[in-house]
Each structure stands twice: as structure tokens, then as C-alpha cells.
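Here's a quick report on the model below, going from surface to fold to charge pairs. Have a look at the structure first.

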Amino acid sequence: MKAELMVRRGVLAMAFAGFLAAGAYAQDPTPQQQDTQNDKKDIRQDKKDLAKDGADRNADQRDINKDKRDLSKDRADRNADQRDINHDKRDLSKDRTDRNADQRDINKDKRDLTRDDAKYGANSSEAKADRKDLRADRADRNKDQRDINHDKTDLAKDRADRNADQRDINHDKKDLAKDRNKDQKDINKDKRDLHKDRKDLRKDRRGR
């Protein structure tokens with residue numbers, strides 16, 4: 001009975017020692033096992049990075065679509081401003097032609113008035129008619145000059161609007177290129193990292 005008890009205790013001691021050895025072995029992995037675990041961890045991280053970059057790219061794609069709409073709108077605004085500028089230039093040219101014609105009429109009226117004053121007298125019907133023509137031509141000339149000033153103001157404003165729209169277009173183009181290129185670079189880098197880590201994992205598994 002005593003011998004059986006001793007055998008049982010010996011078996012239990014050996015089993016316990018075996019458990020301790022197995023636990024120590026499990027707690028202290030070999031360098032190769034450690035490399036494999038690290039590779040798996042890197043792959044999980046790469047997949048997370050890739051998923052995050054994909055989400056970033058999708059968000060940027062929405063930004064790109066918005067930038068494209070903004071770009072299209074800014075181009076339409078710029079083109080409309082350019083049409084306004086062309087219209088203002090035509091108006092300005094026409095008003096200057098009218099003003100110059102009115103000035104020539106004024107100069108002619110002055111000569112007629114001087115001649116009729118000398119020939120018929122200052123109170124003659126001819127002189128009065130010349131003075132009336134002179135007043136009318138001066139009024140026309142002044143109106144044309146106001147139109148010219150107004151056209152110049154419109155032209156300056158439309159040019160400023162066109163330049164602002166061009167700056168917006170340039171800014172939208174930069175945003176478009178920046179969003180597209182940065183995210184694609186990040187995705188390409190993460191794919192390379194993932195490929196490298198998978199390659200390392202296969203290598204470590206073969207060496208085991």
C-alpha cells in the first residue's frame with residue numbers, strides 16, 4: 001500500500017513537472033515563433049492602415065467631386081465675366097464714339113454761333129437756334145461721358161470678378177491634384193508594406 005502511494009506521488013510529480021515545462025516552453029517562444037507573431041501583427045496593422053487609407057480616399061473622392069463641381073461653376077462664372085467684359089468694352093467703345101461725335105457737333109455749333117453773332121447779331125433767330133443746338137449737344141456729350149464713366153466702372157468690376165474666378169479655378173485645380181495624389185501614394189505604400197510583411201511571414205513559416 002505504501003509502495004503504491006509512493007508510485008502515485010511519483011507519477012503526479014512527473015506530470016506536474018511536465019506541465020511546468022510545457023508552460024515554460026509556451027511562455028518563451030523561439031525567435032522564429034516570435035518573428036512569425038510579429039509578421040502577423042504587422043499584417044493586421046497593414047490591413048488596418050489600408051482600410052483607413054481606403055476610407056480617406058473615399059472621403060477625398062467626395063471632396064474631388066465637390067472640387068470638380070466648384071471648378072465647373074467657377075469656369076462658368078469666369079466665362080460669364082469675360083462675356084460681360086467684352087460687352088463692356090463694346091459699350092465703352094460705342095460711348096466714346098458718341099461722345100467724340102457730340103464734341104465735334106459742339107465745336108461746329110460754337111463756330112456757327114460766332115459766325116451768326118457777327119453776321120446777324122446776338123439776339124437774332126439764327127444765333128438763338130445755334131445756342132439751343134449747342135446746349136443740346138453739350139447735354140448729349142455729358143450724357144455720353146457719364147455712360148463712359150459707368151462703362152469703365154463695370155469693366156473694372158467685371159475684370160476683378162473674372163480674376164477672382166480665375167484664382168478660384170487655380171485653387172480648385174490644386175485641391176483636386178493634392179487630394180487625388182496624396183491618398184493614392186498612401187494606398188500604394190500600404191500595399192507595398194502588406195506585400196512585404198506577407199512575404200516575411202511565408203519566409204518565417206518555411207524556416208520553421
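## Surface and burial

The protein has about 15,300 Å² of accessible surface, and carbon and sulfur atoms hold 51% of that. Areas come from the Shrake-Rupley method with a 1.4 Å probe, and for residues only the protein chains shown count as cover. Of the 208 residues, 21% count as buried (under 20% relative accessible area; exposed is over 50%, partly exposed in between; 1.4 Å probe, protein chains only).

Bear in mind that this is a predicted model: local features need pLDDT of at least 70, side-chain atom pairs count only at pLDDT 80 or more, and totals for chains, interfaces and linings use all residues. Residues are numbered from 1 along each chain as its sequence is written, and side-chain values use heavy atoms, with hydrogens and water left out.

## Fold

You get three helices and zero strands, in the order α-α-α. Helices (H or I, at least four residues) and strands (E, at least two) are DSSP runs, numbered from the N terminus. Among contacts (heavy atoms within 4.5 Å) with a separation of 6 or more, 87% join residues 24 or more positions apart.

## Salt bridges

The whole structure has nine salt bridges, meaning a side-chain nitrogen of Lys or Arg within 4 Å of a carboxyl oxygen of Asp or Glu. One of them pairs Lys73 with Asp77 at 3.0 Å between the closest N and O atoms; these two sit four residues apart in helix H2 (residues 31–120), so about one helical turn separates them. In helix H3 (residues 125–206), Lys143 and Asp147 are also four residues apart, and their closest N and O atoms are 3.3 Å apart.

Asp116 is buried at 7%, while its partner Arg115 is partly exposed at 47%.
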